Every structure is written in C-alpha cells, then in structure tokens.
Amino acid sequence: MTTQAMPNVGVIGGTGFYSLLENTDEISVDTPFGPPSGPVTVGEVRGRAVAFLARHGANHRYPPHKINYRANLWAIRAVGVRQILAPCAVGSLQPRLGPGTLVVPDQVVDRTSGRHRTYFDSGAAHVPFADPYCPVGRETVLKTASQYDSLVIDGGTTVVIDGPRFSSRAESQWYAREGWSLVNMTGQPEATLARELALCYTSIALVTDLDAGLAAGDEVQQQDVFQVFAENIDRLRALVFRVVDALPPKPRCRCRSALHGIDVPFDLPDAAARHV
C-alpha cells in the first residue's frame, strides 16, 4: 500500500462503485485459496480510506457460480477491512417490492451447491450464523437512507441460488410461498465466509425485476435486469458512500467475536502483509 491509509471499510460490488474515484491504489493480494476476482482498489470516500473489490471481476468476467468467494473475502480482510458493505442486484418474490426498491435484508437461505462455502476444512469449528448480517451495519444503512430515500425496506429474506439461469416459474412460486422476499445468485457463501473471518457484513439489495412466478406470462430478461441496475447505480452508489461515512470505526456488535472460543485451524489474514 502506498499513498492510502489502511482501509477499515470494504465494498464488494461492481466497478461502478469506484470508477469515479481519484487517487486510487490497486493492490494484488495472494491468498491460500488462489486469486480473488481482481485487485483490491483502495480510495477515499469523504476522507475515509475504503477498499473496493469487483465481485465478478473486470468486465463481469466471472459468473456467480465461478466466483472465488474464499479468495475475495480473504483478500479484503488482508488489506485491513473489518466492515463490508455488499450491494447486489436481486429479483423480487413479493409484488410490493417492485423494481427500484432497495432492501436491507436480515435473513438468508442458501440454495447453492458445489461452491466452496467454508474455510474450515478440518477440525471442529462452527461459527454462529443465526443472524447473518451485521446489526450495526444494517442500522447505519437504514438510518442513513431514511434521511433522503423513501424506497428502502427494512428486513427480508434473500434466497441464494446457483444461477446463472433465472428461476423457473415453479421455483419462484415455491420461494414466495415460503415467505422469502428476494432471490439472488451471489449472497452465499459470501456472508458465511465473512462471518468465518469475523467480519461485519451488510447486504444492500437493489430489486431489478419481479421474479418469474409473480405474474402469469412474465419472465425475467437479462437486458431488463441490467437496465434497471444501470438506472439506479448512481442512487445506490450515493447511499453506499453515505453509509461508509456514517459507519463507526469500531462497531459494537457480535460479528467481531464470532471466532471467540473456536479453535481456528489457520492464521487469519493480516493487513501488514500478503499483498504485492
């Protein structure tokens, strides 16, 4: 790291979140799990050093099921990050949550398969995950958003699927009957791995479409999803940047004590090294 201070806050999202920043440093991080999606970019948001990582890599290189989630979370902690904001695109499973709505979910259901979803490949290490998202991060997002954005919803369950295809109509109706609010392809194992590294993790979900089962004849089209996301990227980025400014330097939450009493079978990544 050269000109930038050590970042405590990280954003895992698309390149649209840091493309407008100036005086950024790119840090290539080595991890025991292979390369992350790309270099970690460190810049400043309102005077605060922030790390950014493009979840899908440059030019959306990696589809959801091919993202190296373990390397991504390891790399972002290795540069100093302890709090993560994770903006993402989601489909809605509830008619009241239309395109353009921002949701701060409080629960997650993992329906993925075949992904490397843990760092604990040996020993007896079981982190608490009853409440997947950081309460301080959620509270900060909601309080910040309430000051200027009326389309922000408190709470909801995100069901994470493998993709890259969208859900069938029957699958979408099944998820809705379960009472789940949103469907997404990247929220897991990202949230789990953050907890295993004792990181605060907060999801900020932008609804881009109504999922296939909500109305007869409707179906999700990629171009429509991309269009809604593009129309809302400035709004989402503005919220994220305001939240970065409002996050406490040392939040009082249980996320950071998630590993207390657990015999972790590896050394946690250290911000003092592990980058070239």
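**Around Arg195**

A: Leaving out residues up to four places away in sequence, Arg195 touches Val127, Pro128, Phe129, Asp131, Pro132, Tyr133, Cys255 and Ala258, where a contact means heavy atoms within 4.5 Å. This is a predicted model, in which local features need pLDDT of at least 70 and side-chain atom pairs count only at pLDDT 80 or more, while totals for chains, interfaces and linings use all residues. Residues are numbered from 1 along each chain as its sequence is written, and side-chain values use heavy atoms, with hydrogens and water left out.

Q: Is Arg195 buried or exposed, then?
A: Arg195 counts as buried because its relative accessibility is 7%, and buried means under 20% relative accessible area with a 1.4 Å probe, protein chains only.

Q: And how far is Arg195 from Tyr133?
A: They are 62 residues apart in sequence, and 8.7 Å apart in space from C-alpha to C-alpha.

Q: Which backbone oxygen lies 3.0 Å from a polar atom of the Arg195 side chain?
A: That is the backbone oxygen of Pro132.

Q: New topic: which residues have the most contacts inside the largest nonpolar core?
A: They are Val40, Leu73, Ile84 and Tyr119, in a core of 35 residues; such a core is a set of buried Ala, Val, Leu, Ile, Met, Phe, Trp, Tyr and Cys residues joined through side-chain atoms within 4.5 Å.

Q: What does Tyr119 touch?
A: Apart from neighbours within four places in sequence, Tyr119 is in contact with several residues, including Phe33, Leu73, Trp74, Leu193 and Phe266.

Methods
Buried < 20%, exposed > 50% of the residue type's maximum accessible area, 1.4 Å probe, protein only. Polar contact = N/O pair within 3.5 Å; in protein donor to acceptor, adjacent residues only side chain to side chain.
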